[in-house]
Amino acid sequence: MGRYLVNLTFDLEEFDIPEEYGQKVSERDQMEVTLAGMKRILPVLDKHNVAVTFFTTGHFAQKNPELIRLLSDKHEIASHALYHAPNHDFQEQDILVSKQILEFITGKFVNGFRMPRLRPFDEANLAKWGFRYDSSVNPTYLPGRYNLLHKSPLPYHESGMWELPCSTMPWLRFPLFWLSFKNLPAGIYSEMCRLTLRKRKSLMLYFHPWEFADIGDYKLPGYVKSPDGQALTDKLDKLISYLIKHKGEFITCQQLCDTLDADKEKI
Ligand SMILES: [Zn+2]
């Protein structure tokens, strides 16, 4: 297709990750931390004039409807289920409810879904509920979490929907996800992204707004919380500049689906 398409995506969710490490965070603080991160990210996205996809929980959207409406003018709002909390009793129906909440708030059709923590779930209902794509697969091996090396690293059509996997490097399947971005030197990570983009023609990156807030005081392992705040924001700024310089074209996930559909019709 001669284009190099970049999906920059953010899981816009409650800051509940300290609960995985035994630290309780009040609901107010969960929202405040995420909002503080958004205040850092949005000027960077505006500066580069890039459109991104926010996978948003229904709960976060209900607490921050004005922000979600505003974001939907320029960016894509997709679903990240209803609640994010690790101890929340997930029901399949939550996915549909979150879609309805987001559509009510934005007045726009919600096309995409990503499962919190990329946990396995029954995808059978997604197409029936009107989703056009899912982006819950990280086709790599993460010890203790999942082994999805048998999954395609490229977007594929299945059960009436597009699956848009998180990017992994060609050959090694090294994941280019948020922890790699945070922990690798900027030059190395950017170069891995560039090589992947050149080979695969599309790149799916995912981060969380709370990573860009100042979270150094929370009881999280260093590799989860550092760097944070402005330092990580500067790193993101540089990554976007680098990818633009190397012909990266930033589009939303539903725009990627448009391109994939058009290519499919040509075959
Ligand atoms: Zn999430």
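How much space lies in the largest pocket? The answer is about 420 Å³. The structure described here is a predicted model.

## The largest pocket

The lining of the largest pocket is made up of 24 residues, and those closest to its centre are Ile17, Arg145, Phe177, Trp178 and Leu179. Two helices, α6 (178-183) and α8 (222-225), each supply at least two residues of this lining.

## The cavity

A probe the size of a water molecule, rolled over the atoms, shows where empty space is left. The structure holds one cavity of 30 Å³ or more. About 100 Å³ of space lies in the largest cavity.

The lining of the largest cavity has 14 residues, and Pro153, Pro155, Pro165, Ser167 and Ser202 lie nearest its centre. Both α7 (186-200) and β10 (202-207) supply at least two residues of this lining. The largest share comes from β10, with three residues.

In soluble globular proteins, nonpolar side chains tend to be buried together. The largest nonpolar core in this model has 71 residues, of which Leu8, Phe10, Leu205 and Phe207 touch the most other members. Helix α1 (residues 27-48) gives the most to this core, namely six residues.

Which residues is phenylalanine 10 in contact with, leaving aside its neighbours within four places in sequence? Among them are Ile41, Leu45 and Val52, then Thr53, Phe54 and Phe55. Phenylalanine 10 is also in contact with Phe207, His208, Pro209, Phe212 and Leu236.

## Aromatic rings

A pair of aromatic rings is described by the distance of the centres and the angle of the planes. The model has 11 aromatic pairs. One of the pairs is formed by phenylalanine 113 and phenylalanine 121, with 5.3 Å from centre to centre and 70 degrees between the planes. This pair is edge-to-face, because planes over 60 degrees apart count as such. Phenylalanine 113 is buried, with a relative accessible area of 0%. Phenylalanine 121 has 16% relative accessibility, and it also counts as buried because the limit is under 20%.

One aromatic cluster is formed by Phe10, Phe54, Phe181, Tyr189, Phe207 and Phe212. Phe10 and Phe207 were named above as residues that touch the most other members of the largest core.

## Charges over rings

Two rings have a charged side chain placed over them. In one case, the charged end of lysine 99 sits over the ring of phenylalanine 131, at 5.3 Å from the ring's centre. In the other, arginine 114 lies over the face of phenylalanine 55, 4.1 Å from the ring centre. Phe55 is also among the contacts of phenylalanine 10.

## Backbone details in loops

Proline 227 is found in the loop between α8 and α9 (229-245).

Serine 159 has a positive phi, near 50 degrees, and is not a glycine. Serine 159 is placed in the loop between β8 (156-158) and β9 (161-163). With 59% relative accessibility, serine 159 counts as exposed, because the limit for exposed is over 50%.

Lysine 247, also not a glycine, has a positive phi of about 70 degrees. The loop between α9 and β11 (248-250) holds lysine 247. At 63% relative accessibility, lysine 247 counts as exposed.

Key
Residues are numbered from 1 along each chain as its sequence is written. This is a predicted model: local features need pLDDT of at least 70, side-chain atom pairs count only at pLDDT 80 or more; totals for chains, interfaces and linings use all residues. Side-chain values use heavy atoms; hydrogens and water are left out. Rings of Phe, Tyr and Trp (its six-membered ring) pair if their centres lie within 6.5 Å; planes under 30 degrees apart count as stacked, over 60 as edge-to-face and the rest as tilted. Buried means under 20% relative accessible area, exposed over 50%, partly exposed in between (1.4 Å probe, protein chains only). A charge sits over a ring if NZ of Lys or CZ of Arg is within 6 Å of the ring centre and within 35 degrees of the ring normal. A nonpolar core is a set of buried Ala, Val, Leu, Ile, Met, Phe, Trp, Tyr and Cys residues joined through side-chain atoms within 4.5 Å. Helices (H or I, at least four residues) and strands (E, at least two) are DSSP runs, numbered from the N terminus. Contact means heavy atoms within 4.5 Å. On a 1 Å grid over the protein atoms alone, a cavity is a set of points where a 1.4 Å probe fits but cannot get out, and a pocket is an open set with protein on both sides within 12 Å along at least five of seven lines; lining residues have an atom within 4 Å of a point. Grid points are joined across faces, edges and corners, and a volume is the space filled by probe spheres set on the points.
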